[in-house]
Amino acid sequence: MKLHERLKEARTRKNLTQQEVADVLHISRTTVSSWEVGRTVPSLDFIIDLSNLYDLSLDVLLKEDMTMVNQVSKEIKKGKKYKWLVVTISSVLSLFILANFIWFICIKNQFSYLDNHWTKVEDSYVYTKNDVNLMTPQMDIKMNVSQNYLKKPSIWIMGTKKGKDNTIGLTFRADEKVFASVPIESKGVIMTEVRVDKDINLINDEENTKFLNENNELSWGETKKDIDDYLKVNQQEFKELYVIMSKEYSLIND
């Protein structure tokens with residue numbers, strides 16, 4: 001006996017009309033009729049609903065109808081694949097959202113120190129202590145996404161302090177390198193930046209040489225003396241500024 005014959009027989013045995021079955025399943029009477037004459041076959045969901053409605057097990061309802069058994073088997077496998085796909089996509093999406101949430105919270109926590117201990121002025125944070133002035137930009141989500149996506153960004157700071165004859169300046173860059181602003185008087189007071197260590201000694205490396213040559217057309221040899229002299233004259237003030245900036249840099253980025 002085929003499925004459509006069993007459906008009609010089961011409905012008749014339950015003393016139900018096609019319309020009554022249709023009302024229970026929320027479908028049209030013609031759909032029930034189409035199933036019972038074999039024109040169309042119900043989906044797996046409706047087969048399960050009909051099995052419950054007629055008090056018949058799926059084994060009995062599908063018995064001997066191998067075509068329908070195969071179709072139901074395919075639908076079950078398809079449903080499992082669909083469920084696996086949904087679970088996989090949901091898991092990946094959840095991990096993506098969680099990772100972005102944690103990353104955003106980390107960035108917010110970094111700037112929370114600035115919010116609580118520094119002062120917002122326009123698009124920057126500023127910090128003032130005696131004659132020391134520090135500055136760093138406010139949080140820029142677009143910049144962090146483009147440059148530090150899912151990574152903890154390092155926030156750079158600039159600082160100035162009264163020196164012997166003028167204002168001295170240091171920059172703690174995001175890569176943790178420290179640069180001092182230095183005037184090159186032999187070239188008509190050209191301001192440039194050179195990398196220094198914690199004792200405010202000029203670092204004799206390729207980066208300093210390349211920076212001077214490319215940005216100011218200055219040779220390392222003819223400017224090194226000017227730089228060393230300037231750093232030595234203002235060394236104490238530079239060190240005082242370095243200590244304050246180093247502490248703030250660590251509090252912001254740790």
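Me: What should I know about the numbering and the model?
Reply: Residues are numbered from 1 along each chain as its sequence is written, and the model is predicted, with local features needing pLDDT of at least 70, side-chain atom pairs counting only at pLDDT 80 or more, and totals for chains, interfaces and linings using all residues. Side-chain values use heavy atoms, without hydrogens and water.

Me: How many helices and strands are in the chain?
Reply: Elements are DSSP runs, numbered from the N terminus: helices are H or I with at least four residues, strands are E with at least two. Here the chain has ten helices and seven strands.

Me: What share of the chain is buried?
Reply: Buried means under 20% relative accessible area, exposed over 50%, and partly exposed in between, with a 1.4 Å probe and protein chains only. Of the 254 residues, 34% are buried.

Me: Which residues have the most contacts inside the largest nonpolar core?
Reply: A nonpolar core is a set of buried Ala, Val, Leu, Ile, Met, Phe, Trp, Tyr and Cys residues joined through side-chain atoms within 4.5 Å. The largest one has 32 residues, and Trp 118, Leu 170, Val 182, Leu 231 and Phe 238 have the most contacts inside it. Elements giving two or more residues to this core include helix 6 (66-117), strand 5 (167-172) and helix 9 (220-233). Helix 10 gives the most, six residues. A second, separate core has twelve residues, among them Val 32, Leu 50, Tyr 54 and Leu 56.

Me: What does Leu 170 touch?
Reply: Contact means heavy atoms within 4.5 Å. Setting aside residues up to four places away in sequence, the partners of Leu 170 include Ile 157, Val 178, Val 196, Phe 238, Leu 241 and Met 245.

Me: Where do the buried residues of helix 10 fall, seen down its axis?
Reply: In an α-helix, 3.6 residues make a turn, so residues three or four places apart point the same way. The buried residues of helix 10 include Phe 238, Leu 241, Tyr 242, Met 245 and Tyr 249. They fall within an arc of 145°, so they line one face of the helix. That arc is taken from the directions from the helix axis to the C-beta atoms. On the face turned away from the buried side, Val 243 and Lys 247 are exposed.

Me: How many residues does helix 10 have, and what does it span?
Reply: The expected span is 1.5 Å times one less than the number of residues. Helix 10 has 19 residues and reaches 26 Å from first C-alpha to last, close to the 27 Å expected.

Me: Is Glu 237 buried or exposed?
Reply: Glu 237 lies in helix 10. At 12% relative accessible area, Glu 237 is buried. Beyond its neighbours within four places, Glu 237 is in contact with Lys 161, Lys 162, Gly 163, Lys 164 and Ile 168. Its C-alpha is 8.0 Å from that of Lys 164, 73 residues apart along the chain.

Me: Which residue has a positive phi although it is not a glycine?
Reply: Most residues other than glycine have a negative phi. Asn 15 has a positive phi of about 55°. Asn 15 sits in the loop between helix 1 (3-13) and helix 2 (18-25), and is exposed at 67% relative accessibility. Asp 55 also has a positive phi, near 55°. Asp 55 is in the loop between helix 4 (44-53) and helix 5 (58-62), and is exposed at 57%.
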